[in-house]
Amino acid sequence: FLHYSLSIALPPLSYLVAQVRPLHGSGCGQQQEAVGMEMRPETFSIFRTQENDPDCQSEQHQGQYYTVPPSHFHTVFPHGLPPRYQQQVKTFNEGCVMVRQPALELISHLKRADYSKPTLRYLLYGVKGSGKTMSLCHTVHYCSTQGWLVLHIPDAHLWVKNCKELLPSSYHASRFDQPIQASNWLRNFRTTNENFLSKIKLRQRYVWTKRESTEEGQPLGELVDMGVSRVKSSSDVVGAVLKELRLQAGGTEGGFRLAVAVDGVNGLWGRTTLKKEDKSPVAPEELTLVHNLRKMINNDWCGGAVIATLSQTGSLYAPSSAYLPQELLGEEGFDSMDPFIPVPVSLYSEKEFESCYLYYLDRHWLQHPHSQTEEGKKELIFLSNRNPSVLERLCAFL
Amino acid sequence: MAAHTLKKSIWSLGRIHCHIYGVNVRNPLNRATYATALSTNHSSQNKGFPDRGNKGPFNRRSRREAGDPRTDRMPVDQDWTTVYPTATPFRQGSVPLPVRMGFPVKKGVPPEKKGNLELIKIPNFLHLTPLAIKKHCEALKPFCTEWPSALDTGAKCDEHFPVKVECKDYVSAGTSLRNPSARIVHLRVSLSACVNYDYAMYLLTVLYHESWKMEAWESEKTVADMEEYSWEDSPSQKNIMSTLVRMQVAGEGEGEAVREELLGRPEVQEYRDSVTRLKNEGESESSMHQYRDAVKKVLNL
């Protein structure tokens, strides 16, 4: 076998050699490191792959970490990554994402889908900490490298709670605007999709006040800039942007594909913690942002995909053990999302756990001497039950 | 003797004084007596006060030394019912168990039972050991009547007492007396034991006919009132129909014919079954997988 001969040629890094035992026996056939890898001895590692393009990743790379190029970080993920992961990226000075089965499945669906049909909705669900947001980010990275326009809403729950300012909407009497959230989101949207802003032209005239309006044929960038600067009407600008993108995605001339990535989509149906001035609760549909986003999630447009995750952390009035779609979405949410393709995200498999463990060892994150032994590894498996986020928190102590 | 009474009076005077001055004599250092890992044992030397040489009203030297806790003198085969005959708060000197309770502060362990307020606060059942309950039963026996000797088989009991009512009571240590499961009462009647057959048949016939009558308010039954989920006319059906129509799966045609054709397809049937199963049975991994496969088939993936 190729990899055995390579291991002899390596300098005696004991943990690397020790791990080259049949841990890849499950599932994925040939030894991954033989495929798509450059044979540079100093970077030989079982848990990494050099295949940094999500398009070319396949089951062979399952369980391995690929590096997101630093240039992509600020453009693709200005607001999408989980906070602990962002800290990890800063600490390790690199952003490595594990290639896992749910993301691969999503990407393969996206590759094969027919974009003239109504949009398909994909829903990632799983227990807390199993890696739904990271799978979503992986898919978003794929869409971004393929040149899609990405509409990433980092957490829909942020729009239904803790909102300091609620303005009554100028456009629709019974609705409420959230200027701060809307302008923040528009700013991040602008960072992500710089190149599309000049290419897409508006198809309709939008009047904001008596003196301000955006004409037909103007580039989308102007609309977004206006929304960022005029914070008061930013929620309506968001609505206009979503509508334009919906109409123009998948169009035949200058068509682009639109990926709507929503994290915590169960926040859109349910309850909010916001109150009106007379202390009566605000229903989600009375918020402009939520109303417009719900329209995006419907499948009455074509030329893109809706990828959503459920999230119990941050959700309101949901029990902490709930993770299945119907429990978190509720009846209304389920009926709106139906028919969707549920994609379960499970805990780490044995191979993925090994990979993660080796990665932490490689980054010298596990400092405790006991954690580098077999006994320590078994303890980690037992304590974390192979839950990715629990493992990450445990290793942060070591 | 006189000296002793004098000491006592000085002592009580001293205590009155300190009540006036607002100092807590029992806890001279005002240390918290719970949730600390520090020892609260003041019994030996200093009592925490610097030696004042027998001066002042807070004279410690004359205080009677606390004796050994009762646990030291407990034989293993003692009668526990004498230690805790009734419901009393936890006394750490009377319970010979090394119990710990409380929040471990700063990498410590839960504090020990000595001076532990947490153990005193919670209700305990130390007075209800099996032996104690046996003793209670023995004591109650003189007040009970004998079981009637004629009712010695189950069949005879059923014959004489056909109606059985079963109530459940729940005991728990908590803030509330009430337990919602205690409201459920089971009443059992064996139909074959009923004597008045004609009356029973009459009742059943009446009920049957009554159940067929429709009241005016029944027509206001909404989807939320339905006992079971029915897929027809549900949002799920509407969604899938519109999706399929837009996907132009069935080819061109007018509304009704297309709908019928779509509904008759096996994938749509499967989809309908999976959604019904999800809604009626609740969710589980297997039903989600079934739904997933059905959706993939329907949408031709």
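Buried means under 20% relative accessible area, exposed means over 50%, and partly exposed lies in between (1.4 Å probe, protein chains only). Keep these classes at hand during the tour.

This is a predicted model, in which local features need pLDDT of at least 70 and side-chain atom pairs count only at pLDDT 80 or more, while totals for chains, interfaces and linings use all residues. Residues are numbered from 1 along each chain as its sequence is written, chains are lettered from A and ligands numbered from 1 in the order in which they are written, and side-chain values use heavy atoms, with hydrogens and water left out.

**Stop 1: chain B**

Select chain B, which has ten helices and two strands. Helices (H or I, at least four residues) and strands (E, at least two) are DSSP runs, numbered from the N terminus. From that end, the elements of chain B run α-α-α-α-α-β-β-α-α-α-α-α. Of the 301 residues in chain B, 18% are buried.

Now select Lys156(B) and Asp152(B), which form a salt bridge with the closest N and O atoms 3.4 Å apart. A salt bridge is a side-chain nitrogen of Lys or Arg within 4 Å of a carboxyl oxygen of Asp or Glu. Lys156(B) is partly exposed, at 34% relative accessibility, and Asp152(B) is exposed, at 56%.

**Stop 2: where the chains meet**

Show both chains. How many residues does each chain give to the contact? Chain A gives 24 and chain B gives 22, where contact means heavy atoms within 4.5 Å. The area buried between chain A and chain B is about 2100 Å², and carbon and sulfur atoms give 58% of that area. Buried area is the accessible area (1.4 Å probe) that two parts lose on being put together, summed over both. In chain A, the residues that lose the most area to chain B are Gln326(A), Asp338(A) and Pro339(A), together 24% of what that side buries.

Across this interface there are twelve residue pairs in polar contact (both at pLDDT 80 or more). A polar contact is a pair of N or O atoms within 3.5 Å; within protein, one must be able to donate a hydrogen and the other to accept it, and residues adjacent in sequence count only if both atoms are side-chain atoms. On the side of chain A that touches chain B, two or more residues each come from helix H5 (101–112), strand S3 (120–125), helix H12 (325–337) and strand S11 (341–344) of chain A. H12(A) gives the largest share, seven residues.

The rule also finds four salt bridges across the interface. Select Glu105(A) and Arg292(B), one such pair, with the closest N and O atoms 2.8 Å apart. Glu105(A) is in helix H5 of chain A, and Arg292(B) is in helix H10 (residues 285–298) of chain B. Are these two residues buried or exposed? Glu105(A) counts as buried at 10% relative accessibility, and Arg292(B) counts as buried at 12%. Another salt bridge joins Lys279(B) and Asp335(A), with the closest N and O atoms 3.1 Å apart.

**Stop 3**

Select helix H11 (residues 288–297) of chain A. Eight of its ten residues are buried, so H11(A) is largely enclosed by the rest of the structure. Among the buried residues are Leu289(A), Asn292(A) and Arg294(A).

Next, select Asn299(A), in the loop between H11 and strand S10 (304–309) of chain A. Asn299(A) is buried, at 9% relative accessibility. The side chains of Asn299(A) and Thr243(B) are joined by a polar contact of 3.3 Å. Leaving out residues up to four places away in sequence, Asn299(A) touches Pro118(A), Thr119(A), Arg121(A), Thr243(B) and Arg246(B).

**Stop 4: backbone details in chain A**

Most residues other than glycine have a negative phi, and most peptide bonds are trans.

- Asp338(A) and Pro339(A) are joined by a cis peptide bond, with omega about -10°. Pro339(A) lies in the loop between H12 and S11 of chain A.
- His364(A) is not a glycine but has a positive phi of about 55°. His364(A) is exposed, at 55% relative accessibility.
- Asn385(A), also not a glycine, has a positive phi of about 55°. Asn385(A) is exposed, with a relative accessible area of 53%.
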